[in-house]
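Please open the model in your viewer with the sequence panel beside it. The stops below each give a selection and then what is found there.

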Amino acid sequence: MDIRDFLSRLRVDSGPNAKGEYMCNCPAHDDKNASLSVSDGEKGIVLYCHTKRCSSDAIVKAMGLCMRDLFHEQLDSSSVPGKVVHTGNTAAPAPAKRSGGKKPRGKFVCAYAYTDETGKTLFEACRYQREDGSKTFSLRQPDPDKPGEYKYTKEGARLVLYRLPEVRAAIKAGKPVFVVEGEKDCDNMAALGYTATTNPMGAGKWHAGEYTPSLKDADVYIIPDNDVVGREHALSVAQAVLKVAKAVHILDLVKALQELPAKGDISDFFKLTGKKKGNELLAKLMQEAEAVSPSATEQRDATAEYYGKIFGYCVDGGRICQETQDGPKPLANFVALPVGVVARDDGVTIVKEMVIDGWSANGQILPRVHIKSNQFSGMNWVAECWDFAASIMPGNATKDKLRYAISEVGRVTAKRLTEYTHTGWRQIGGKWAYLYQGGAIGAEGVTVDLGSGLSMYRLDGNGLDGFAEISYRDGALMTLATRKLMAEHVATPLLGTIFLAPLREFLMASGVPPAYVLFLLGSSGTHKSTAIALELSHFGYFTAKSLPASFNDTANFIRKKAFLLKDAPIVVDDYHPVTNLQERKKMEATAQSLARAFGDGAERGRMKSDLTLQESMPPRGVAIIDGEDIPSVGESGMARFYICNVGENDIPVGDELTDMQEIARQGYLQKSMCGYIKWLIAQADDLPKLLHEEFIQNRAVALKKTKGQHGRTAEAIAHMMLGYHCMLRYMRDIQAITTEEAVQMEEEAWTVITQTSQRQAEEMKDERPSKLFLACISELLTSKSAGVRDLSAGDGAGTGAREMIGYMDASFYYLLPNTAYGAVAKMCNEQGQAFPLTSKMLYKQMREDGVLTSETTTSTSATRPKWIDGKSQRVLYVPRKYIDGPRVMQEQQQMPLDGCTQVDGGEMPF
């Protein structure tokens, strides 16, 4: 039996140590101290119980095995004639003859050829399959005295890594080398384009003297199988190659694929994910993996000294211990070293995170632990982060003693670090700084980590060579060049909003933060996302497929990102029509949430489980969305959108756009924004007052230019023009444009933006609830889903509909108020939307629009009494022109009201 299969049936406490021994709990007696040593000998598995001296026979019987399972099994390859022998890159028939060595038992499966640097075969690792499904391996060498035959022994063979020529070639080319646990995994990774290697005979068989030198100067990524033995093997390999490799990383496949089964390997990983997704997940693991520290061994030894300075505690045998009269008493089978306390600051709350390194009792490196500070005292993080590689000894007070010892060491060793988790402005050391992923403009040594979902928000050129050589003026000229790649009514609002984002902190300080959402509306294929991604590349490098959020995300997910993206734009992509009612309501709710959040700048209040108030997380940037349809968010919701209609030819695709996308990738637009932010820093203390005054002036101009439109429209224009004006001022100051050009461009922008708002105002009229109510009444009457009785045509006329909602004569509809409102609300509900106003507010709006006048209402009610069928009924007097259209009135005779003056048949108020 293979030692890995054997160990899988035991509880492994530690190992392998320098002698290759694993310490396990002996199954033949009640073992609480892991007294059974298990090692792989020349002929088979060697067992020794240090406590009860249990016999090997008793141990294997307790495991449900027999003595023969301890021995290595081999097979004469001649028993399977014609079987294919795997040789790494080639395959050849298995030789039929053998010479020397013990005859193996089991079914031959394949053989893997190990070669020297020139490709000459040194030995082969043969794999065999037993009837019970277990596998075992043996080594054989070509017999120099008998060509074509083999010696089944490793004596005299030069031990090398699998696929050694490919390994050396990869190191020379600067490519990563993966260390896995089996030849099959190496071959499978080679088929996917990776360079992978392994040592013969599997986990626990790494011989540093033979294998480690072959990885000199390599960028090593170790991928263990998903079991205890595999992880311990990875740690021992990492420790062995640290001194010669350029860098060493250990990848945990389970972090990328929770479904990976126990003992699953990299071959299982790609089988479950597929090639494309597997490559993406593996690349992400490689990017996020922390390099194993070359000084880990020295650091472990230094850690023991820290524990020795705590009264009553020490490190003995690689374990944290308590000093007793009988000597050191182990509290755990590992040593832990607190290396840092990270305060993660999002601008509202600070969450502390502890960072802990560790080593197992035999000196193997344990993965670095990151836990929240409130999780430390329970000590459950040991099992969660280190699983079976680390254990806490039994005892009611052991956890408390261990926690105390680690805390005391951490008081001396842990470094304190503030890590910001948001973008935008902060005052650091009394100076203004603008944060982005990985750093800040205006401050040195600042750590910023936005998380994987927002890590593309960078202002350092994404690490590209040559970014530092790009001048601010060249970046600004590229910003101006983007205007020519799309229609003015698209480019101007986009640039105004993009350059408004860094001003939000100072506008908020003066009480006038931006309160609109820029909405690019157009059919599929108009390249809306492409245009947005290009301009968003002022804050990083983005493409149409890498925008930070979409309407497939939940509203809370989007709003959390909007909170973290302080003083920066968030883009929510792809509001599209769907036929599924539930999905449509979800998207509309998200759109409504965004409109309210950015329009009002507020977050829904929440309480914690202890009934204390949670810190609110309102959006702190500006928002841009795009879609193929307008969400049904009502008149007030639409007033929070500034809508740009994108036509088929407004964003032409061609060489110019492609060239600009490459320029954005090289960091030119980021450089433009960097220069703009540095320009703002120089005047940051004066900005609140200056921007407030300019906003007031812009709003006054916008109110004149948008007379009759919703009041929010003027504010949206004022903010957008504020961002555009500051952009032009900056570009003038760095001599990218002249003063005359800046003045002309600003005048053109005013014209474009006000004309666009006028078109939106016309479209918004249909969203007004009073107009919607009358339109629904008209449709109900036309479709005969509802009816009215014609008072001038005799009894019963006009009552053939399913529901009667009122009466009519030549001049008026006399609507039964509750019945008519209920019919409209029902109609809206059947279409998947709610009518946006209560009846009381609806009638108030109808008064404002001139539908209900003082001549048809009373001072206290929207209804008036009318004598019908011998009794007085309170009804809504609605002139027929508002439901039937003005042409009908021209064909009618003028009829006086009952108790009212004649109503003028003027123009419709819409």
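Burial is used from the start: buried means under 20% relative accessible area, exposed means over 50%, and partly exposed lies in between (1.4 Å probe, protein chains only). Helices (H or I, at least four residues) and strands (E, at least two) are DSSP runs, numbered from the N terminus. This is a predicted model, in which local features need pLDDT of at least 70 and side-chain atom pairs count only at pLDDT 80 or more, while totals for chains, interfaces and linings use all residues. Residues are numbered from 1 along each chain as its sequence is written, and side-chain values use heavy atoms, with hydrogens and water left out.

**Stop 1: a hairpin**

Select strand S7, residues 107-115. Of its 9 residues, 7 are buried, so S7 is largely enclosed by the rest of the structure. Two strands count as paired if DSSP finds at least two bridges between them. To see one of these contacts, pick Tyr114, whose bridge partner in S8 is Phe123. S7 and S8 form a hairpin with 5 residues between them, and Gly119 in the turn has a positive phi of about 100 degrees.

**Stop 2**

Most residues other than glycine have a negative phi. Select Ala34, where phi is positive, near 55 degrees. Ala34 sits in the loop between strand S2 (22-24) and strand S3 (36-40). Is Ala34 buried or exposed? Its relative accessibility is 8%, so Ala34 counts as buried.

Next go to Gln735, which is not a glycine but has a positive phi of about 65 degrees. Gln735 belongs to the loop between H23 and helix H24 (739-764). With a relative accessible area of 61%, Gln735 is exposed.

**Stop 2: an open sheet**

Select strands S20, S19, S18, S21 and S25, given here in their order across an open sheet of 5 strands with mixed pairing. Strand S20 (365-372) and strand S25 (447-448) stand at the edges; each has a single partner strand, so one side of each is left without a neighbour in the sheet. Within the sheet, strand S18 (residues 334-345) and strand S21 (residues 415-420) run parallel, joined by 6 bridges. Val342 has Leu417 in S21 as its bridge partner.

**Stop 3: salt bridges**

A salt bridge here is a side-chain nitrogen of Lys or Arg within 4 Å of a carboxyl oxygen of Asp or Glu. By this rule the count comes to 22.

Begin with Lys216 and Asp217, whose side chains meet at 3.4 Å, N to O. Lys216 is partly exposed, with a relative accessible area of 45%, and Asp217 is also partly exposed at 45%.

Move to Glu408 and Arg411, which form a salt bridge at 2.9 Å, N to O. How are Glu408 and Arg411 placed in helix H12? They are 3 residues apart in H12 (residues 398-413), which means a separation of about one helical turn. Glu408 is partly exposed at 22% relative accessible area, whereas Arg411 counts as exposed at 59%.

Then select Arg699 and Glu715, which meet in a salt bridge at 3.6 Å, N to O. This pair links distant parts of the chain: Arg699 is in helix H22 (residues 687-705) and Glu715 in helix H23 (residues 711-733), 16 residues apart. Arg699 is partly exposed, with a relative accessible area of 26%; Glu715 is partly exposed too, at 30%. For a network, select Arg163, Glu166 and Asp187, which are joined by salt bridges that share partners.

**Stop 4**

Select Phe137 in strand S9 (residues 135-142). Phe137 is buried, with a relative accessible area of 16%.

**Stop 5: Arg9**

Finish at Arg9, in the loop between helix H1 (3-7) and strand S1 (12-14). Arg9 is partly exposed, with a relative accessible area of 46%.
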